[in-house]
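Student: I have a new structure to look at. Could you help me learn how to read its features?

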Amino acid sequence: VFFFLMIRRPPRSTQSRSSAASDVYKRQIIDCRFQYEYNGGHIQNAININQPKDIELFFTETILKSNPYEQNIVVFHCEFSQKRGPRMYRHMRELDRSFNDYPNLNLPNIYLLEGGYNQFHKKFPLLCTLQGGYISCLLYTSPSPRDRQKSRMPSSA
């Protein structure tokens with residue numbers, strides 16, 4: 001089951017209640033890290049989706065069925081927002097384009113969290129579960145793509 005938090009933009013200069021529906025946003029943070037990383041600590045209220053098929057389910061079950069007067073905001077991230085987060089972000093955008101004629105979108109407001117969970121938990125530990133818990137991905141030792149080292153099991157010769 002997916003859920004959204006309701007957030008409201010600051011009030012407009014007009015005090016008319018008739019435009020209130022356009023001020024409602026639904027925000028969802030999608031953590032694209034592996035399940036063990038997510039379980040080791042994540043941004044409060046984030047959901048863990050790390051497979052393209054699950055993004056497709058999220059899109060069809062949540063975004064396509066949402067109230068057209070509510071604007072959805074989706075923020076993707078992974079550990080450093082360099083590989084898994086951007087890949088899922090692109091997949092969501094491609095999926096949205098496949099349901100619409102250009103330039104229309106069901107989800108125009110999608111974002112990638114700069115620096116990923118690595119930087120977020122350093123800056124805002126109180127907004128993370130497990131008091132800012134953090135389990136690093138076991139596949140990479142560096143956030144830099146050029147010096148990223150994949151850990152490998154010794155090969156049997």
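Student: Is F124 buried, partly exposed or exposed, and why?

Tutor: This is a predicted model, and the labels rest on computed relative accessible area. F124 has a relative accessible area of 40%, so F124 is partly exposed. F120, by contrast, counts as buried because its relative accessibility is 15%.

Student: How many aromatic pairs does a search of the whole structure find?

Tutor: The search finds five. Take the rings of F76 and Y89: their centres are 6.2 Å apart and their planes stand at 80 degrees, so this pair is edge-to-face. The pair links distant parts of the chain, with F76 in strand β4 and Y89 in helix α3, 13 residues apart. F76 is buried at a relative accessible area of 0%, while Y89 is partly exposed at 26%. F120 and F124 form an aromatic pair too, and that one is tilted, with 5.1 Å from centre to centre and 45 degrees between the planes.

Student: Which residues of helix α4 are buried, and what covers them?

Tutor: Helix α4 spans residues 116–123, and its buried residues are G116, Y117, N118, F120 and H121. Strand β4 is included in what covers them.

Student: Let me step back. How many helices and strands are in the chain?

Tutor: The chain has four helices and five strands.

Student: Which residues touch the most other members of the largest nonpolar core?

Tutor: Here is the general idea to start with. In soluble globular proteins, nonpolar side chains tend to be buried together. In this model the largest nonpolar core has 16 residues, and those touching the most other members are I30, I49, I55, F58, V74, F76 and M92. The elements giving two or more residues to this core are α2, β4 and α3, which covers residues 84–98. Helix α2 provides the largest share, four residues. To see one member at work, look at M92: leaving aside neighbours within four places in sequence, M92 is in contact with I55, F58, F59, F76, L107 and I110. Another core, of 10 residues, lies apart from the largest one, and I43, I73, L113 and C128 are among its members.

Student: How many disulfides does the structure hold?

Tutor: It holds zero disulfides. The test is whether two cysteine sulfur atoms lie within 2.5 Å. For C32 the closest cysteine sulfur is in C78, at 6.7 Å, which is too far for a bond. C78 is likewise in no disulfide, its nearest cysteine sulfur being that of C32. Both cysteines are buried: C32 has a relative accessible area of 2%, and C78 has one of 4%.

Student: What about P68: buried or exposed?

Tutor: P68 counts as exposed because its relative accessibility is 71%. You will find P68 in the loop between α2 (52–63) and β4 (71–77). P68 and N106 are 38 residues apart in sequence, and their C-alpha atoms are 8.6 Å apart in space.

Student: And where does I135 lie?

Tutor: I135 lies in the segment after α4. At a relative accessible area of 36%, I135 is partly exposed. I135 and Y38 are 97 residues apart in sequence but 7.9 Å apart in space, C-alpha to C-alpha. Setting aside residues up to four places away in sequence, I135 touches R33, Y36, E37 and G40.

Methods. Residues numbered from 1 in each chain as written. Predicted model: local features only at pLDDT ≥ 70, side-chain atom pairs only at ≥ 80, totals over all residues. Heavy atoms only, no water. Buried < 20%, exposed > 50% of the residue type's maximum accessible area, 1.4 Å probe, protein only. Contact = heavy atoms within 4.5 Å. Core = buried A, V, L, I, M, F, W, Y, C linked by side-chain atoms within 4.5 Å. Phe/Tyr/Trp six-rings, centres within 6.5 Å; stacked < 30°, edge-to-face > 60°.
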